[in-house]
Amino acid sequence: MKHLFLFALLSLALLPFLSQGREQGDAASEAGSVEAQAWIPKKSPISSFVVYPTRIVWESEGGVEHADRLLEEKNGQLLLGAVSSPTVLKPGGSLLVDFGQELNGYVEVSTLVMPEKDHLRKARIRFGESVSEAMSDVGGASNASNDCAVRDQVVELAWFGKTMVGPGGFRFLRIDNHDPELDLHLEEVRATLQLRDLEYLGAFDSSDDRLDEIWRTGARTVHLNMQEFLWDGIKRDRLVWVGDMHPEIMTILAVFGPQEVITDSLDLVRDVTPASEWMNTISSYSLWWIIIQHDLWFRTGDDEYLRSQKVYLEDLLGRLTLLVDEEGGEILDGVRFVDWPTSENPVAVHEGLQSLMTLAMSCGERLMAELGNQEMASRCLATAQKLKSAGFSQSGRKVPAALSSLAGLKDAKEVANETLKEGGPHGFSTFGGYYVLEALAQAREFNTGIEFIRQFWGGMLDLGATTFWEDFDLNWMENASRIDELVAEGTVDVHATYGDHSYKGHRNSLCHGWASGPTAWLSEHVLGVRAASPGFEEVRIEPNLGGLSWVKGKVPTPFGVILVSHHRAEDGTVVSDIHVPDGITVLNDE
């Protein structure tokens, strides 16, 4: 009662001031409301999830106690008086844990009360996309690096607290006690996975579990790279490279449908690159930006976003129409690049750029017509025709040949038979492999495309991959150790040994979005769901099962999800069950 009485007296004493304040507040309520919002930080599109280690891969002999305690799923909260036997790393002790899947994010290390409170313990923390990378030192013959994200560092750990280390892209974590005299007591080591919390609207299931796993692995590879912007890789190349984004975007549209991370990334690079310069300093990347704008518009029907690109498109296309010589050959300046394996072959580079210029002009013609600029549409058409009339030497390399087929410069069947099928799934990059698959589909070589996917992308799975890699070659599989195991004596350490150009050895990213092409390809060509007009207002559903007995799945569209199921009847014909949302017309060419 005493407290209530004092509160009443205080309220009466303050009443005049409260009334005055209320009047002033009424007068400034709108401004105050605006000011009140100013301190609220912008919400991140990225969510966090807790992941615990699934196994202890390795521990130093005699230097570790109770390692298996780190596999127990706890709640992240340290408690006084808790009775437990912590994981102990003695001086010189170390261990390696596996989180079971490639992750992007941080590691949380929870340490307990230890003697010598004023002496903070130090630990060496090493991230790895492979076991061998987590066990490596920076530099040296294996070329491990701290580029883009620090993967090898010594950190001070909190006394009876939690320390976050990262960010980075990793699956494996090695912890070494860096103190020469004192033990390190660990209560918990867990990962904080960071990615967009998105529903997988697309799906692919078939009579071949290997293809299903490849579809899911491609989807997950891109999902991890959908951070604030669309990255190339989560360990290295945490950057927006426009020329590398096209396969990623095709996968995103097949799995998640349209996403802001696509348009935000395209606009980010556009806004820092005048049309008089090349995106990422590479001329072909500006060509890819045009191609992406077309493919994005065709699959989403987003006219409003397309209109926002009109001025830049006009300026860029106008510049490009001038970069063709009298014979119809491209004369692009800046960094001339198609993909890394062909980068040192001038014939292959010209073949690829001639094809990309033709594709960009064809896309530009369609976009300009849609935007009402018929004069620029005509210029693009004339330039495309001039490019198609020019002769050029063929390099015999698969990716430039595939692009020449897709651009209409060479006959699809001829390219498939003479170049793409030659030697099987060898001689292309994980990036360029998507265009090899697309050119095989153009030539109606679906069985070959499916077999390429099984062997090439499936080869990474056979070596322990949970995401697809920046670089890979089937020849690497000979006498190779898996990336999720200690390298056995007499076998090849794949991650430390191979790779080329800017991604040699451990610097090779084992989660690179540009390698996800089979996910989009399987949805479009095996499930057979393809947009036939902008925004999926019309759709063609033409399954190509190859040797599969059945396939079913989902494809997101602006109208909702298309559901399809196909199975092969006893007489060999394919029977389909198709459900499309209202607003979509299914075209039947029969």
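Biologist: Which residues of H15 are buried?

Modeller: Buried means under 20% relative accessible area, exposed over 50%, and partly exposed in between, with a 1.4 Å probe and protein chains only. In H15, the buried residues include Phe446, Ile450, Phe452, Trp457 and Leu461. Twelve of the 17 residues of H15 are buried, so this helix is largely enclosed by the rest of the structure. This is a predicted model, where local features need pLDDT of at least 70, side-chain atom pairs count only at pLDDT 80 or more, and totals for chains, interfaces and linings use all residues. Residues are numbered from 1 along each chain as its sequence is written, and side-chain values use heavy atoms, with hydrogens and water left out.

Biologist: What do the buried residues of H15 pack against?

Modeller: Helices (H or I, at least four residues) and strands (E, at least two) are DSSP runs, numbered from the N terminus. Contact means heavy atoms within 4.5 Å. The partners of the buried H15 residues are helix H4 (209-225), helix H13 (412-420), helix H14 (433-442) and helix H17 (517-526).

Biologist: What follows H15?

Modeller: Glycine 464 follows H15, and its phi is positive, near 100 degrees.

Biologist: Is threonine 111 buried or exposed?

Modeller: Threonine 111 is buried, with a relative accessible area of 0%. This residue lies in strand E5 (residues 94-111).

Biologist: Which residue does the side chain of threonine 111 reach through a backbone oxygen?

Modeller: The side chain of threonine 111 reaches the backbone oxygen of alanine 158 at 2.4 Å. Threonine 111 and tryptophan 159 are 48 residues apart in sequence, yet 6.5 Å apart in space, C-alpha to C-alpha.

Terms used: Polar contact = N/O pair within 3.5 Å; in protein donor to acceptor, adjacent residues only side chain to side chain.
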